[in-house]
Amino acid sequence: MNIINEMSLSFPSKSLNESFARSVAAAFVMNLDPTINELSDIKTAVSEAVTNCIVHGYRRSKGTVYIKGKITDNNKVIIKIRDKGCGIEDVKKAMEPLFTTAPEEERAGLGFAVMQSFCDKVKVKSEPGKGTTVTLEKTISQTDNDR
Amino acid sequence: MLKTEFKNNILTAYIDGEIDHDTAAKIRSRIDGAAQSLKPGLLCLDFSGVSFMDSSGIGLVMGRYRQMKMLGGALRVINIPESMYKIFAMSGIESLGVLR
Ligand SMILES: Nc1ncnc2c1ncn2[C@@H]1O[C@H](COP(=O)(O)OP(=O)(O)OP(=O)(O)O)[C@@H](O)[C@H]1O
Ligand SMILES: [Mg+2]
């Protein structure tokens, strides 16, 4: 498994960067020739992870959101989204569908559930007071015929 | 981002573009402003112009559902683009009976 492309990106935790981040992720996977659905899945999952950094991670502060992307030669896309914010006390509980610590802001508690259903694999590493890293993995389907 | 129309006691909000945490806040305050002053029997969210949404869109719909209940009206969501079926399906919103 060789790495065929990589990227890294960082930006301030402003909500207008949510659309910027998912557009970059979409552009990054573009040369794997993803289907419209695969592209939409990646955009949505990245949007969830980046929004969580901004809304929860840096809730009481400003900070920087870091993204690292990798594409390997088996058509796998790996995207890491990291913040140095408040961290998550209980990751297992946070990942349960409908769990949210911000219901008054009309958060549905579905972000992690969306990431899990739209990607092949989601890993979450978090330490209270230090921050959170979410790793998303998705293999893009290969078409044998030239489209 | 949003056009509204009030006719026959129905307030229709035509949402346009992408719904995320950033845009949802603005869309929400525009819709709630109109709903609170017009007190429609039905609030209709028209999604035909929506090109992207994440879970913030689900929060927006659930929030308007509660808002309309409080105002004594109902909610309906119409013209959901096919690319958003998946996220609506996993949200459980279907059980509210507001999707068309
Ligand atoms: N980067 C993060 N830093 C700190 N806490 C986080 C982070 N990401 C998620 N959380 C915690 O995990 C909970 C669940 O996250 P999830 O994305 O599933 O739902 P939500 O963000 O609350 O709602 P939604 O994503 O539907 O708007 C959050 O409410 C928050 O408490
Ligand atoms: Mg979230």
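This is a predicted model: local features need pLDDT of at least 70, side-chain atom pairs count only at pLDDT 80 or more; totals for chains, interfaces and linings use all residues.

Trainee: How many residues of chain B are in contact with chain A, and how many of chain A take part?

Mentor: One begins by counting the residues on each side. Here 20 residues of chain B touch 23 residues of chain A.

Trainee: What area is buried between the two chains?

Mentor: Buried area is the accessible area that two parts lose on being put together, summed over both. For chain B and chain A the value is about 1,800 Å², and carbon and sulfur atoms give 52% of that area. On the chain B side, B:H21, B:F52 and B:M90 provide 30% of the area that chain B buries against chain A, more than any other three residues.

Trainee: Which polar links join the two chains, and how many are there?

Mentor: There are 11 residue pairs in polar contact between chain B and chain A, both residues of each pair being at pLDDT 80 or more. The elements of chain B that give two or more residues to the side touching chain A are α1 (21-38), β3 (42-53), α2 (55-71) and α3 (85-91). Of these, α2(B) gives the most, with 8 residues. By residue class, this side of chain B has 7 nonpolar, 6 polar and 7 charged residues.

Trainee: With which residue of chain A does A:D41 form a salt bridge?

Mentor: A:D41 also pairs with A:K138, their closest N and O atoms being 3.3 Å apart. A:K138 belongs to strand β5 of chain A and A:D41 to helix α2 of chain A, so this pair ties together parts that are 97 residues apart in sequence.

Trainee: How many cavities of 30 Å³ or more are found, and what lines the largest cavity?

Mentor: A cavity is a space where a probe fits but cannot get out. The count is 1 cavity of 30 Å³ or more, and the largest cavity holds about 50 Å³ of space. Its lining includes A:I42, A:C119 and A:K138. In chain A, α2 (36-57), β3 (76-83) and β5 (131-139) each supply at least two lining residues. The lining divides into 7 nonpolar, no polar and 2 charged residues.

Terms used
Residues are numbered from 1 along each chain as its sequence is written. Chains are lettered from A and ligands numbered from 1 in the order in which they are written. Side-chain values use heavy atoms; hydrogens and water are left out. On a 1 Å grid over the protein atoms alone, a cavity is a set of points where a 1.4 Å probe fits but cannot get out, and a pocket is an open set with protein on both sides within 12 Å along at least five of seven lines; lining residues have an atom within 4 Å of a point. Grid points are joined across faces, edges and corners, and a volume is the space filled by probe spheres set on the points. Helices (H or I, at least four residues) and strands (E, at least two) are DSSP runs, numbered from the N terminus. Ala, Val, Leu, Ile, Met, Phe, Trp, Tyr, Cys and Pro count as nonpolar, Asp, Glu, Lys and Arg as charged, and the others, Gly among them, as polar. Contact means heavy atoms within 4.5 Å. Buried area is the accessible area (1.4 Å probe) that two parts lose on being put together, summed over both. A polar contact is a pair of N or O atoms within 3.5 Å; within protein, one must be able to donate a hydrogen and the other to accept it, and residues adjacent in sequence count only if both atoms are side-chain atoms. A salt bridge is a side-chain nitrogen of Lys or Arg within 4 Å of a carboxyl oxygen of Asp or Glu.
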